[in-house]
Amino acid sequence: MKQTLKILVVDDNEVDRMAVRDALTKAGVQMELFEVSDGNDAFSALSTTAYDCVFFDYRLPDQHGLTFIQQLRSLKIKVPSVVLTAQGDEQIAVQLIKAGATDYLSKSKISPEMLAQVLRSAIRIYWAETQAALVNQQLRESHEQLIRKNQELQRQQQQIQMQNFKLLEVSQLKSHFLATMSHELRTPMNAIIGFSQILFRSKFGQLTHQQADMVERILNNGKHLLMLVNEVLDFSKLEAGRLDLKAEIFDVSKVINLTVGEMRSLADAKNLSLLVQTDLQNTLVFNDPVRIKQILINLLSNAIKFTESGEIWVEVKELPASRVTIVVRDTGIGIAPRDFKRIFEAFRQVDQTITRKYPGTGLGLAIIDSLVRMMGGKIFLESKLGIGSMFKIELPRQIRLFTEAADAPAIQLDGDEIYRSAKNPHNSSSQTR
Ligand code: ADP
């Protein structure tokens, strides 16, 4: 308690005021005591001076104790207040405390000890209440702040959602554009290829060596262009979920051997050995032969493109749990672990510059990725820069034609290889998709 307390006594009865004064003095309370005899004087005193405590008579001449307390509140005067009641007024005193008085004391119980104790506890209660009110206020403020932040977050979330919708719309437009353009380009491309082939037929007259060379170039370039256009068309169909697998039972080793045979001239042109080994007890699978061929052509053309010397191996093997694996291995330039994930993204190439050495759309692996997922399979990649790469595709012998297989992550931990899910990549020198 601070040294000298400012105390106000409000009572019209001189004797009662004296009793309070004497008791406080006897209790040794260091104080400046002010006395007034009615409510109006009390308010004038309280509005000009900060008191440490007010003792007020319940029955003031100009107003009831309850009105006094209510007015204190409405004038926002904050001060510890003790009601002095007559004997039998305790019930009313409880009401007064509910209305805002700090404590009460029956006049019959006024004694130095009692008054000093009531004074001390009134001041303590008042401060505790003030602190609690402050904390309450702070809590209310932080609650309001939280509500505001929440509203702001909701607003931002709505904005992000709108941007997402817009992005989706733009992406759909892009896919639509790619699909339409590549579809439109296929018709003239097929005409160019068809007519170039017709020109080779002798019934239209013999071509000179130079003319044959030019027609052959037109034909080869036309075929290459058609392949690129088909890649874009497949990709846009896969992106839009409009590419269906046409599954049938077929001899997978026959398709593999045939495809390798078609690609051999490309490997020969670079003096690369192209070896194929099929080791299957049962060569029949239920899958889409056109898409299996497409996967192998993409892997093989990459292997040939990115290998300057050495060999390319194609292996087809049986796996437990009715699965089949197709492996394409090369002794090419290899891929750095940091690029493992990126190269499976559409239009991504390790070398993204315009002056890059190796041509291509950057769609081959993205297409393979989508197709293998649709087939319920997995892709494993192992590679070392300057040594070579190995792409391993594991497929169920019999695919299920459900769309959910396309969404399932192509992952699992096995042996000492490090794998990753297509959605949770790891940078390592070996991984699956
Ligand atoms: P593209 O071959 O048309 O560039 P892909 O999607 O087939 O597109 O391949 C993406 C990239 O992955 C290639 O540009 C190349 O950087 C890398 N890549 C793919 N296969 C190999 C491979 N066998 N050896 C080295 N790099 C490869």
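## Confidence

The protein chain has a mean pLDDT of 87, and 91% of its residues reach 70 or more. Where pLDDT is low, the predicted coordinates should not be read in detail.

## Ligand site

The ligand is surrounded by 20 residues, and the closest are Asn302, Lys305, Asp330, Gln349 and Leu365. Helix 8 (289-305), helix 9 (364-374) and strand 12 each supply at least two residues of this shell. Helix 8 gives the most, with 3 residues.

For asparagine 302, the distance to an oxygen atom of the ligand is 2.7 Å; for aspartate 330, the distance to a nitrogen atom of the ligand is 2.9 Å. Glycine 362 takes part through its backbone, with an N or O atom 2.9 Å from an oxygen atom of the ligand. On its own the ligand has 530 Å² of accessible area, of which the protein covers 96%.

## Strands 11 and 12

Strand 12 (residues 388-396) pairs with strand 11 in the antiparallel sense over 7 bridges. Among the paired residues, phenylalanine 380 has lysine 392 in strand 12 as its bridge partner. The two strands form a hairpin with 3 residues between them, and glycine 386 in the turn has a positive phi of about 80°.

Strand 11 (residues 378-384) is mostly covered, with 5 of its 7 residues buried. Strand 12 also contributes at least two residues to the shell around the ligand.

How values were computed:
Residues are numbered from 1 along each chain as its sequence is written. This is a predicted model: local features need pLDDT of at least 70, side-chain atom pairs count only at pLDDT 80 or more; totals for chains, interfaces and linings use all residues. Side-chain values use heavy atoms; hydrogens and water are left out. Buried means under 20% relative accessible area, exposed over 50%, partly exposed in between (1.4 Å probe, protein chains only). Helices (H or I, at least four residues) and strands (E, at least two) are DSSP runs, numbered from the N terminus. Two strands pair if DSSP finds at least two bridges between them. pLDDT is the predictor's confidence in each residue, from 0 to 100. A residue is near a molecule or strand if one of its heavy atoms lies within 4 Å of it. A polar contact is a pair of N or O atoms within 3.5 Å; within protein, one must be able to donate a hydrogen and the other to accept it, and residues adjacent in sequence count only if both atoms are side-chain atoms. Accessible areas come from the Shrake-Rupley method with a 1.4 Å probe; for residues, only the protein chains shown count as cover.
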